[in-house]
Amino acid sequence: MQTTYDAIVLGAGALGSAAAYHLAKAGQRVLLLEQFEIDHQKGSSYGFSRIIRYAYDHPIYVGLMKATYPAWALLEEEAGEKLYTRTGGLDFGAPDQVSLQNVINCLTQTRIPYEVLNAEETHKRFPQFHLDENFITLYQSDTGILSASKCVWAHVRLAEQYGATILPNTPITEVIPHTNGVTIKTVNNSYRAACLIVTAGSWMKSILAGLGLDVPLEPERCQEIYFNTDNPQNYLSDRFPAFIAHMKDTYGQMPYGIASHQDSGLKIAFHGGKRVNHPVDYTPDPAEVKRAQQFAGHYLPDVTTLRSTRICLYTMTPDEHFLLDKHPAYSHIVFAGGCSGHAFKFSNLIGRILTDLALNGTTNHDISLFRLSRFL
């Protein structure tokens, strides 16, 4: 097997698979190393669905989304499969909720079209929802679903078609930086490359620590929960919008939900979880299911029995903004992580940005919000 490459990518989740795809498409000799199987269930990228949306509270994210939607369309065309399903999206809560008003103000500032509905108007258009009388709803029509595991597989498959070497079940034992490259050691082999891209999810903190960077990344144990419903046809993607409930004060985290997709059942979950360290206990918590049922009982009364539930991981930064930058001492080492549970939608574009940083040292996209320097 070849042991020298132009670029090595560590981690084959959403970000790493996208980086390998873009690097290989750019003509680089790429090695993608994954410690588990491709599309494993121990990290952040596996599953039926993730929300894609313009509805953010910061213009940098909206600016990136303006490039992200076309990027996914191009990937769909190249992969020959549907990855994005448009559902429309709701952000709802009390009118004095600062987080909701911040989203409304940001979309106004960035000229993204939206509507604001009262509770009665929301129920008339989307009768599945029974909101409190004083609630308002922001509706944005471009919100939708990304088929999460399909997106990862599309990036991996196309990267391989462009000549990338994919090695699953290959944990690394050491990263050795050089002034003009990097050496990666595994149990059985050693690999050398001109540049390194680290996209190791909740395992990234220890890798960066080995490279002299103490970054405040903390894994959280989160739970995906899928329910059966009365009138299940009303909870499919052509009728049910993705939603975010701006109710952190009530539930501790913001509830969110996604239509039944690929026969998943209706997804209801909470943005966040308990801080953990590896090794992680992946046993689902019945209390989280009960909490989701309590939310649904108030706002989505058609929800009935539990269909399935599983654990996934967030990797949080203190400000919940991504970490996306170059190593300050080794500019040929770049990394993306600390995605705080909301980066999947950007993964194709982040792969492009990582490729730009690795090959050119810079990118045309505004990533000033994600710089390492804010933690140093």
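This report describes selected helices, a sheet, individual residues and backbone features of a predicted model.

## Basis of the description

The structure is a predicted model, in which local features need pLDDT of at least 70 and side-chain atom pairs count only at pLDDT 80 or more, whereas totals for chains, interfaces and linings use all residues. Residues are numbered from 1 along each chain as its sequence is written, and side-chain values use heavy atoms, with hydrogens and water left out.

Three strands form an open sheet in the order S3-S8-S4, with antiparallel pairing; strands here are DSSP runs of E with at least two residues, helices are DSSP runs of H or I with at least four residues, and both are numbered from the N terminus. Two strands pair if DSSP finds at least two bridges between them. The edge positions belong to strand S3 (50-52) and strand S4 (84-86), each of which pairs on one side only. On average, and with direction ignored, neighbouring strands of this sheet are turned by 30° against each other. Strand S8 (residues 144-146) runs antiparallel to S4 and is joined to S4 by 3 bridges, and Ile145 in S8 is the bridge partner of Thr85.

Helix H2 (residues 59-79) packs on the sheet and touches S3, S4 and S8, its direction making about 120° with that of S3; contact means heavy atoms within 4.5 Å, while axes are lines fitted to C-alpha atoms, for helices over the stretch in contact, and angles run from 0 to 180 degrees between N-to-C directions. Ala71 lies in helix H2 and is buried, with a relative accessible area of 15%, where buried means under 20% relative accessible area, exposed over 50% and partly exposed in between (1.4 Å probe, protein chains only). The C-alpha atoms of Ala71 and Ala193 are separated by 27 Å, the two residues being 122 residues apart along the chain.

Helix H5 (residues 148-161) has 14 residues and reaches 20 Å from its first C-alpha to its last, close to the 20 Å expected at 1.5 Å a residue; the expected span is 1.5 Å times one less than the number of residues. The buried residues in H5 are Ala148, Ser149, Cys151, Val152, Ala154, His155, Val156, Leu158 and Ala159. An α-helix has 3.6 residues a turn, so residues three or four places apart point the same way. H5 is followed by Gly163, whose phi is positive, near 110°.

The axes of H2 and H5 come within 11 Å and cross at roughly 65°. This crossing of H2 and H5 is left-handed, which is to say that the near helix is turned anticlockwise from the far one by less than a right angle, clockwise being right-handed. Trp72, Leu75, Glu78 and Ala79 of H2 make the contact with Cys151, Ala154, His155, Arg157 and Leu158 of H5.

Glu224 lies in strand S13 (residues 218-229) and is buried, with a relative accessible area of 2%. Its side chain is joined to that of Tyr226 by a polar contact of 2.8 Å, a polar contact being a pair of N or O atoms within 3.5 Å; within protein, one atom must be able to donate a hydrogen and the other to accept it, and residues adjacent in sequence count only if both atoms are side-chain atoms. Leaving aside neighbours within four places in sequence, Glu224 is in contact with Tyr46, Arg50, Lys267, Ser308, Thr309, Arg310 and Cys312.

Asp319 is placed in the loop between strand S18 (303-316) and strand S19 (323-326), and is partly exposed, with a relative accessible area of 32%. The side chain of Asp319 makes polar contacts with the side chains of Thr317, at 3.0 Å, and of Arg374, at 2.7 Å. Asp319 and Arg374 are 55 residues apart in sequence and 9.9 Å apart in space, C-alpha to C-alpha. Not counting residues up to four places away in sequence, Asp319 touches Arg374 and Phe375.

## Backbone features in loops

His278 and Pro279 are joined by a cis peptide bond, with omega about 0°, and Pro279 is placed in the loop between strand S17 (274-275) and helix H8 (286-299).

Gln262, in the loop between strand S15 (255-258) and strand S16 (266-270), has a phi near 55°, a positive value in a residue other than glycine. Asp263, which lies in the loop between S15 and S16, has a positive phi of about 60° although it is not a glycine. Gln262 counts as partly exposed at 39% relative accessibility, whereas Asp263 is exposed, with a relative accessible area of 62%.
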